Amino acid sequence: MTERQEELLNEEVVNEETTVEEPSIFTEEKTDNVISSEEELQKLRAEVDEKENKYLRLHADFENYKRRALLDQQSLMTYRAQSLVTDLLPVLDNFERALQVEATDEQTASLKQGMEMVYRLLVEAVKKEGVEEIPALGEQFDPNVHQAVMQESDDSKPSNEVLQEFQKGYKLKDRVIRPSMVKVNE
């Protein structure tokens, strides 16, 4: 071997010896670094878990919002005609009262016949929107669809039976727009 090679070899041996000693000096620093790295890793994991929980809650809230908005929209479409129908119910009542009048001459009979045609068209139009009459006369009293304004005692009829209907009640699909005003047997 040449002198130069021997010098290099000796330097490597010296370097190896010093490198053997260096780990013992840096072991404490590396241990401290490992501990601080583990703590930092735990903090980061906790932060990620927190962010994930926030994301999941936000996602669930948004899904609930979408579901509620869809239900509201469906309800709006289902009952879109409610205010119009509510305004038309007194008109139907007045037509019914007018049609109960007896026609005495030909001109009045002709006028009554025209009113009957308009009444039928009006009833058909509200039925197309899902409006239906609430049956009352002879039915059992139901506080959900009937409004009792009078009571009478009739032994020939069962208790809580509707004896007379003063004003018709109406439903729009499954929602009561106006309850029937009735007289009920005690």
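Predicted model: local features only at pLDDT ≥ 70, side-chain atom pairs only at ≥ 80, totals over all residues.
Figure 1. Look across from R120 to L92: the two are separated by 28 residues in sequence, yet their C-alpha atoms lie 9.8 Å apart in space.

**Figure 2. The whole chain, for orientation.** Before moving on to further close-ups, here is the setting. The chain has 3 helices and 6 strands, and along the sequence these run in the order α-α-α-β-β-β-β-β-β. There are 186 residues in the chain, and 17% of them count as buried. The accessible surface comes to about 14600 Å², with 52% of that belonging to carbon and sulfur atoms.

**Figure 3. Helix α3 from end to end.** Helix α3 covers residues 106-128, which makes 23 residues. Its end C-alpha atoms are 33 Å apart, and this agrees with the 33 Å that a helix of 23 residues should span at 1.5 Å a residue. Which residues of α3 are buried? Y119, L122, V123 and V126 are among those to find here, and each of them is buried. Helix α2 (82-99) and strand β1 (131-134) are included in what covers the buried residues of α3. After α3 comes G130, a residue with a positive phi near 100°.

Figure 4. E102 belongs to the loop between α2 and α3. Is E102 buried or exposed? With a relative accessibility of 66%, E102 counts as exposed, because the cut-off for that class is over 50%.

**Figure 5. H146 and its surroundings.** H146 lies in strand β2, which takes in residues 146-152. Its relative accessible area is 4%, so H146 is buried. What does the side chain of H146 reach? Follow the side chain to the backbone oxygen of P135, at 3.2 Å. Leaving out residues up to four places away in sequence, H146 touches I134, P135, A136, E139, Q140, F141, V162, P179, S180 and V182. One of these, S180, is the subject of the next view.

**Figure 6. S180 in strand β6.** Strand β6 consists of residues 180-185, and S180 is found in it. The relative accessible area of S180 is 0%, so this residue is buried. Where does the side chain of S180 reach? The backbone nitrogen of G169 is the atom to look for, at 3.0 Å from the S180 side chain. Not counting residues up to four places away in sequence, the residues that S180 touches include I134, A136, V145, H146 and Q147. E165, Q167, K168 and G169 are also touched by S180.

**Figure 7. A nonpolar patch on the surface.** Which residues form the nonpolar patch? V149, M150 and F166 do, and together they have about 250 Å² of accessible area. F166 is located in strand β3, residues 162-167. With a relative accessible area of 38%, F166 is partly exposed.

**Figure 8. N160, a loop residue with a positive phi.** Most residues other than glycine have a negative phi. N160 is not a glycine, yet its phi is positive, at about 65°. You will find N160 in the loop between β2 and β3. Its relative accessibility is 36%, so N160 counts as partly exposed.

**Figure 9. K173, another loop residue with a positive phi.** Here too the residue is not a glycine: K173 has a positive phi of about 60°. The loop between β4 (169-172) and β5 (175-178) is the place of K173. Is K173 buried, partly exposed or exposed? At 37% relative accessibility, K173 counts as partly exposed, because that class lies between 20% and 50%.

Note on methods:
Residues numbered from 1 in each chain as written. Heavy atoms only, no water. Helix = DSSP H or I, 4+ residues; strand = E, 2+ residues; numbered from the N terminus. Buried < 20%, exposed > 50% of the residue type's maximum accessible area, 1.4 Å probe, protein only. Areas by Shrake-Rupley, 256 points an atom, 1.4 Å probe, with all protein chains shown as cover. Expected span 1.5 Å × (residues − 1). Contact = heavy atoms within 4.5 Å. Polar contact = N/O pair within 3.5 Å; in protein donor to acceptor, adjacent residues only side chain to side chain. Patch = residues over 30% accessible without salt bridge, like charges linked within 9 Å, V, L, I, M, F, W, Y side chains within 5 Å. Salt bridge = Lys/Arg side-chain N within 4 Å of Asp/Glu carboxyl O.
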